[in-house]
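Please read this report with the sequence and the 3D view open side by side. It moves from charge pairs to the chain contact and then to single residues.

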Protein chains: 4
Amino acid sequence: MAIFNNKNKQALELGFGSKNYTNRVRFLDGEGNVNVHRAGMGIKNLDIYHWLITTSMLNLIFVILAGYVTINLIFAGIYFFVGPQNFGGLDAVTSAQQFINLFFFSAQTITTLGYGHIYPIGNAASIAAAVESLLGLLSFALATGVLYGRFSRPKAHLLYSNNLLISPYKNGKGIMFRIANKKQYELIESEAMLTITLNNPETHKREFFNLKLEISRINFLPLSWTIVHPVDEESPLLGLTINDLEKRDVEIIILIKAINDTYSQTVYSRKSYKVEDIVENAKFKPLTPEANKNGRVRLVVTDIHLYDLVF
Amino acid sequence: MAIFNNKNKQALELGFGSKNYTNRVRFLDGEGNVNVHRAGMGIKNLDIYHWLITTSMLNLIFVILAGYVTINLIFAGIYFFVGPQNFGGLDAVTSAQQFINLFFFSAQTITTLGYGHIYPIGNAASIAAAVESLLGLLSFALATGVLYGRFSRPKAHLLYSNNLLISPYKNGKGIMFRIANKKQYELIESEAMLTITLNNPETHKREFFNLKLEISRINFLPLSWTIVHPVDEESPLLGLTINDLEKRDVEIIILIKAINDTYSQTVYSRKSYKVEDIVENAKFKPLTPEANKNGRVRLVVTDIHLYDLVF
Amino acid sequence: MAIFNNKNKQALELGFGSKNYTNRVRFLDGEGNVNVHRAGMGIKNLDIYHWLITTSMLNLIFVILAGYVTINLIFAGIYFFVGPQNFGGLDAVTSAQQFINLFFFSAQTITTLGYGHIYPIGNAASIAAAVESLLGLLSFALATGVLYGRFSRPKAHLLYSNNLLISPYKNGKGIMFRIANKKQYELIESEAMLTITLNNPETHKREFFNLKLEISRINFLPLSWTIVHPVDEESPLLGLTINDLEKRDVEIIILIKAINDTYSQTVYSRKSYKVEDIVENAKFKPLTPEANKNGRVRLVVTDIHLYDLVF
Amino acid sequence: MAIFNNKNKQALELGFGSKNYTNRVRFLDGEGNVNVHRAGMGIKNLDIYHWLITTSMLNLIFVILAGYVTINLIFAGIYFFVGPQNFGGLDAVTSAQQFINLFFFSAQTITTLGYGHIYPIGNAASIAAAVESLLGLLSFALATGVLYGRFSRPKAHLLYSNNLLISPYKNGKGIMFRIANKKQYELIESEAMLTITLNNPETHKREFFNLKLEISRINFLPLSWTIVHPVDEESPLLGLTINDLEKRDVEIIILIKAINDTYSQTVYSRKSYKVEDIVENAKFKPLTPEANKNGRVRLVVTDIHLYDLVF
């Protein structure tokens with residue numbers, strides 16, 4: 001997508017620079033995910049664990065429930081095929097009710113609940129039950145791993161200001177945005193990297209530039225951090241208007257790296273701003289954190305969105 | 001909170017420097033936690049896993065017990081609503097005792113104990129029991145993750161000397177404190193970073209300065225480490241008295257980074273000293289580790305608090 | 001095997017350079033594993049957990065099933081030895097069927113299923129069952145760890161181009177290959193290191209050289225990355241023909257290091273090319289990623305294998 | 001213990017240099033553990049999880065078995081106190097046998113086995129069983145964490161040569177030892193750091209020096225690595241005899257840092273050599289790894305101990 005540490009021409013090597021996309025491109029989607037679909041590997045592209053770890057909790061619950069019902073249906077079918085007469089305590093009369101009771105027997109077996117008011121008598125039934133209980137334990141071993149993996153996954157819960165401002169800065173201008181930590185844990189050793197990508201109207205190629213930052217690394221992030229790129233002589237933005245940015249399909253790509261000190265994990269957060277997120281001649285409102293009588297400081301993190309227009 | 005690697009003016013960018021707090025501020029509380037409350041995100045501020053991992057063991061046990069009782073009450077209610085006649089082996093006569101027995105049946109189901117002297121007969125009762133046993137397994141999967149997460153969480157068990165001393169150092173003075181590892185595992189590649197924050201009485205702004213250390217990194221920490229900031233020409237402390245420090249609401253913020261070599265985890269420890277922790281004209285007593293006849297060295301770590309006054 | 005950061009003579013210290021192997025050597029096998037067998041430690045060489053984590057899923061399932069059957073056979077034997085009369089509900093008549101039923105009882109015990117239609121009466125039988133259920137829980141604790149360890153293991157799913165090309169590059173030649181990520185997660189901060197190893201026909205020793213790269217580090221790997229070593233004045237390849245490379249048993253060893261940002265894990269990937277993988281006078285076909293109307297880019301990753309001959 | 005990156009005088013700050021220990025000191029014991037006992041914190045020194053993770057498997061099994069028996073004895077006592085008449089299916093006559101059967105009932109409850117041929121009737125018995133089954137699940141959650149923690153713990157299984165040799169090296173001498181990986185996984189980016197500690201007979205203080213290495217970092221460790229400190233002008237060893245080393249209670253402390261690429265974990269290994277491990281005028285025998293017809297190299301790792309005397 002972009003090379004932060006290198007010069008523009010090297011973007012070619014990444015396979016992005018070889019053409020001017022006909023459609024507008026958005027390299028990072030709204031949630032900061034890289035907006036690329038990698039095809040061609042068939043089912044080898046699938047990564048089930050990755051999906052289970054990153055999908056929404058609702059999806060996960062649905063998958064678990066659906067899997068639980070399905071596997072019980074399969075084993076109820078097996079038990080029914082083996083024959084209801086091979087189960088003690090199964091006093092249902094109709095086939096349908098026998099199947100239903102074997103479904104419940106299956107659920108009691110796969111969870112290793114084992115009330116025992118229904119129990120296998122014959123060898124075939126006992127073998128199927130022995131297999132099902134093993135399968136149950138392994139499945140719940142997997143579920144344990146997935147749930148632990150989800151909760152312990154390194155995450156940076158960063159809030160980005162809704163807008164990227166073009167503000168007066170020193171004797172010229174600067175582009176700036178603010179970030180804050182949404183959660184109560186601490187982020188330390190935070191680093192920011194900015195890349196801008198533009199179409200070059202002359203070469204009809206997409207160019208990538210690294211944007212220099214006034215401060216690119218801070219040790220704590222207790223309140224908010226205003227990240228500033230000065231539009232100076234060396235900036236690729238010098239002399240460009242909002243109109244130019246729109247025509248050239250600008251995208252400003254942000255990568256934040258920090259350490260979540262609860263787990264000592266390095267965490268990453270990405271975000272991109274498109275031209276519609278940029279506000280000219282605006283300045284962020286100063287935050288007003290207040291200390292209570294115990295010296296504890298309170299900050300309303302959503303205030304980082306606020307700005308004033310300047311003329 | 002502070003920028004270790006940068007100059008004072010940059011503190012402004014962190015949102016701390018914009019005002020002189022009316023109340024005294026304490027940026028790190030007594031346990032080294034950042035003393036900031038981040039509001040404004042509503043329930044999105046909540047981080048249940050983080051709380052479960054970091055809360056006291058007593059709180060955790062209480063939450064588990066309360067959850068266990070609550071969920072059994074809910075399922076006992078469901079079973080009672082379904083009807084006690086749908087449960088085999090439930091020979092209680094009064095409604096109250098039926099409810100109590102269904103509560104125990106619920107406990108036997110959610111833990112997948114399943115004695116089976118009480119068992120579901122009807123379909124509704126069986127479905128509820130099948131759901132409860134699944135829920136039980138998932139809950140205990142979660143509990144496994146939380147317990148593992150708590151125990152395997154990277155931690156540095158550092159003991160800090162109670163006081164920060166202003167001692168004679170070379171031809172001038174130095175501020176110094178000592179740390180030691182409370183536990184038997186080893187910390188390697190330890191690094192220390194010190195920041196001081198003061199109110200500036202002229203600008204009415206809070207300033208942050210990085211304090212240079214005589215040694216900022218050591219490879220082993222078998223006994224104790226005395227961390228020294230020389231008060232030399234470049235030190236922001238030069239010429240300030242204890243009185244000045246108090247008036248200007250000083251706070252000295254310490255960040256220690258090390259590797260716990262049992263788990264190869266990078267661990268962090270924080271601490272802050274306020275003016276009441278500072279002792280002038282004092283020197284740490286030398287530690288007296290002694291080797292036994294096998295060459296094993298014994299150290300009383302609490303001796304790091306000890307100091308002598310010097311005149 | 002090779003020293004990336006050092007000069008050739010130092011290969012001697014690694015124990016590789018001391019002789020010219022009589023047979024052809026392949027230091028990395030087809031899957032990128034180091035092709036060395038370390039003998040001499042006896043069973044201390046074994047690393048069961050490592051095997052369970054890295055073996056194929058099929059092998060693992062086989063081991064689990066075989067272990068399950070074996071342990072149930074052992075406990076069935078113990079229960080049979082204790083005496084079938086010590087088990088309530090065991091109404092089989094023949095010894096064979098008694099043994100089979102005790103096998104199923106064992107399975108119900110080790111999984112903590114415990115239907116209870118068969119149950120231990122005497123003390124010896126009860127003790128054996130108490131031990132077996134404890135063993136069961138610990139085994140499944142282990143299985144949980146192994147399954148979690150497998151799924152959460154850091155992996156880089158890199159696709160390497162089938163061939164290493166010798167292409168026109170600037171005013172001379174370059175050797176180049178392409179990599180792409182097979183999966184949908186992102187790799188960031190990717191770094192590449194190349195080493196070449198050749199027999200020296202004069203000294204009859206195997207030499208190792210580090211190959212300089214045009215770009216050795218990129219921040220994102222959304223599409224593909226063409227890694228290029230320019231064959232310039234400083235290159236150990238200058239002046240060598242394909243024939244020379246074959247005679248001198250060349251192997252080009254690649255180590256890629258990146259961060260899998262789903263888990264914030266550093267991952268490694270290795271690959272080696274032998275002379276049969278090298279294609280002269282060829283150029284990689286440009287990739288043609290296309291953006292859809294939402295700005296999402298689609299790439300067929302297997303296209304990285306494609307090249308054109310140039311004359 | 002030692003400062004790798006700094007000069008000798010700084011050892012004082014670590015609390016080691018303040019005295020010349022009366023007894024001989026061994027800073028690292030035979031297994032590379034730091035030979036320091038940290039006292040003074042009372043039970044806050046305890047670190048149960050650390051012990052469970054690092055103790056021998058035999059100790060762990062003993063602790064688990066002892067805990068299992070103890071907790072079942074406690075609950076058997078509670079059940080017995082509640083009254084055997086509160087348990088269905090408990091048909092023992094003597095008190096002793098009732099207690100024994102309640103012990104087995106406890107085992108069936110804590111493992112959530114729950115055969116159900118014995119079951120609680122009264123409320124008190126049911127409550128105790130509900131608590132015990134919860135406790136059982138939490139205990140096995142803990143056991144799962146401990147077993148996973150043990151197996152997944154980052155380890156470097158390095159074999160060090162039994163001796164440290166003083167060998168001819170270039171125009172002078174060098175001290176050298178060899179390491180090899182005992183296991184089949186790979187170690188990459190290995191780094192070595194050497195410190196020497198000696199008593200200073202003049203100042204009666206213990207001094208620490210960093211020893212420069214010919215090569216301090218290699219990218220792969222497929223076979224063996226001979227780590228060499230040249231005894232040149234800058235070496236603190238220049239001019240010292242074996243006799244001097246003995247008198248001054250020398251200890252050479254080694255810290256190896258590497259990445260285990262199966263788990264992408266940074267691992268550490270430590271070792272110390274005392275004077276009795278040093279051999280003068282000796283040279284390591286070259287290793288003779290041999291490639292089979294598939295190009296796979298075989299190495300007998302224990303050959304790293306072998307050396308020849310030179311005169």
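A salt bridge here is a side-chain nitrogen of Lys or Arg within 4 Å of a carboxyl oxygen of Asp or Glu. This is a predicted model, in which local features need pLDDT of at least 70, side-chain atom pairs count only at pLDDT 80 or more, totals for chains, interfaces and linings use all residues, and side-chain values use heavy atoms, with hydrogens and water left out. Residues are numbered from 1 along each chain as its sequence is written, while chains are lettered from A and ligands numbered from 1 in the order in which they are written.

## Salt bridges

Side chains of opposite charge can pair when their charged atoms come close. Over all chains, the structure holds 29 salt bridges. The table lists some of them.

| Glu191(A) | Arg217(A) | 3.7 Å |

Start with Glu191(A) and Arg217(A), whose side chains meet in a salt bridge. The pair links distant parts of the chain: Glu191(A) sits in strand β7 and Arg217(A) in strand β9 of chain A, 26 residues apart. Helices (H or I, at least four residues) and strands (E, at least two) are DSSP runs, numbered from the N terminus.

How accessible are these side chains? For residues, buried means under 20% relative accessible area, exposed over 50%, and partly exposed in between (1.4 Å probe, protein chains only). Glu191(A) counts as partly exposed because its relative accessibility is 25%. Arg217(A) is also partly exposed, at 29%.

Both residues belong to a wider group. Glu189(A), Glu191(A), Arg217(A) and Lys257(B) are linked in a network of salt bridges. Glu189(A) is found in strand β7 (residues 187-200) of chain A. Its relative accessibility is 9%, so Glu189(A) counts as buried. Glu189(A) is not a glycine, yet it has a positive phi of about 50°.

Now turn to chain B. Asp308(B) lies in strand β17 (residues 307-309), and Lys285(B) in the loop between β14 (282-284) and β15 (290-291), 23 residues apart. Asp308(B) is partly exposed at 32%, and Lys285(B) is partly exposed at 34%.

Asp308(D) is in strand β17 and Lys285(D) in the loop between β14 and β15, so the pair ties together parts that are 23 residues apart in sequence. Asp308(D) counts as partly exposed at 34%. Lys285(D) counts as partly exposed at 34%.

## Where chains C and A meet

Chain C superposes on chain A by a rotation of 90° with 0.0 Å of shift along its axis (RMSD 0.1 Å). That is the relation of a four-fold axis. Copies are superposed by least squares on the C-alpha atoms of residues with pLDDT of at least 70 in both.

How many residues does the contact take from each chain? It takes 63 from chain C and 71 from chain A. Contact means heavy atoms within 4.5 Å. Only 13% of the interface residues of chain C are also interface residues in chain A, so the copies meet through different surfaces.

The two chains bury about 6,000 Å² between them, 59% of it on carbon and sulfur atoms. Buried area is the accessible area (1.4 Å probe) that two parts lose on being put together, summed over both. The rule finds 2 salt bridges across this interface.

## Single residues

Asn260(C) is in strand β11 (residues 251-260) of chain C. At 2% relative accessibility, Asn260(C) counts as buried. Beyond its neighbours within four places in sequence, Asn260(C) is in contact with residues including Glu186(C), Tyr185(C) and Val267(C).

Thr266(A) is in strand β12 (residues 265-274) of chain A. Thr266(A) counts as partly exposed, at 27% relative accessibility. Not counting residues up to four places away in sequence, Thr266(A) touches several residues, among them Pro154(A), Lys257(A) and Ser264(C). Thr266(A) and Ala156(A) are 110 residues apart in sequence and 8.9 Å apart in space, C-alpha to C-alpha.
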